[in-house]
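Dear colleague,

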Amino acid sequence: MKGNLIVVLIGMVAGFIGIIPLLRQKADKYWVFALFLLYFMMPWVIYRITVPGVRWWLKGAVVTLALALPLVIAAGRGYKRFVFPILITSVVVGFLITFLGYYLL
């Protein structure tokens, strides 16, 4: 039970940190909400997946970047200014999720 609460808290922190660049660029509320949900659910995915050949500290960044790519592709059509911040934020948030999970769980 304690582990699930920590995962939820890590997801909320990651979600709020992940939407900061889009809020600064005045993104559409649907993009912000979609990105928040992506980062909010990301700790469950990262902690339950095994990626062979990838070290523990790099796993979060790789998984988050891979799962953010469909959102980036969708954003690339009409919102090209959001592509780079989403990519950078996904890598940073992936590292954050991995380190928080490693030291808190």
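Buried positions in H1 are Ile6, Val7, Ile10, Gly11, Ala14, Gly15, Gly18, Ile19 and Leu22, where buried means under 20% relative accessible area, exposed over 50%, and partly exposed in between (1.4 Å probe, protein chains only). This is a predicted model, in which local features need pLDDT of at least 70 and side-chain atom pairs count only at pLDDT 80 or more, while totals for chains, interfaces and linings use all residues. Residues are numbered from 1 along each chain as its sequence is written, and side-chain values use heavy atoms, with hydrogens and water left out.

Helices (H or I, at least four residues) are DSSP runs, numbered from the N terminus. H1 covers residues 2–24, and its 23 residues reach 34 Å from the first C-alpha to the last, close to the 33 Å expected at 1.5 Å a residue (1.5 Å times one less than the number of residues). Its buried residues pack against helix H2 (29–48) and H4. Just after H1, Lys26 has a positive phi of about 55 degrees.

**Thr64**

Thr64 lies in helix H3 and counts as buried, because its relative accessibility is 0%. Leaving aside residues up to four places away in sequence, Thr64 touches Tyr39, Met42, Ile46, Ser90 and Gly94; contact means heavy atoms within 4.5 Å.

**Phe99**

Phe99 is in helix H4. With a relative accessible area of 33%, Phe99 is partly exposed.

Yours sincerely

Definitions and conventions. Helices (H or I, at least four residues) and strands (E, at least two) are DSSP runs, numbered from the N terminus.
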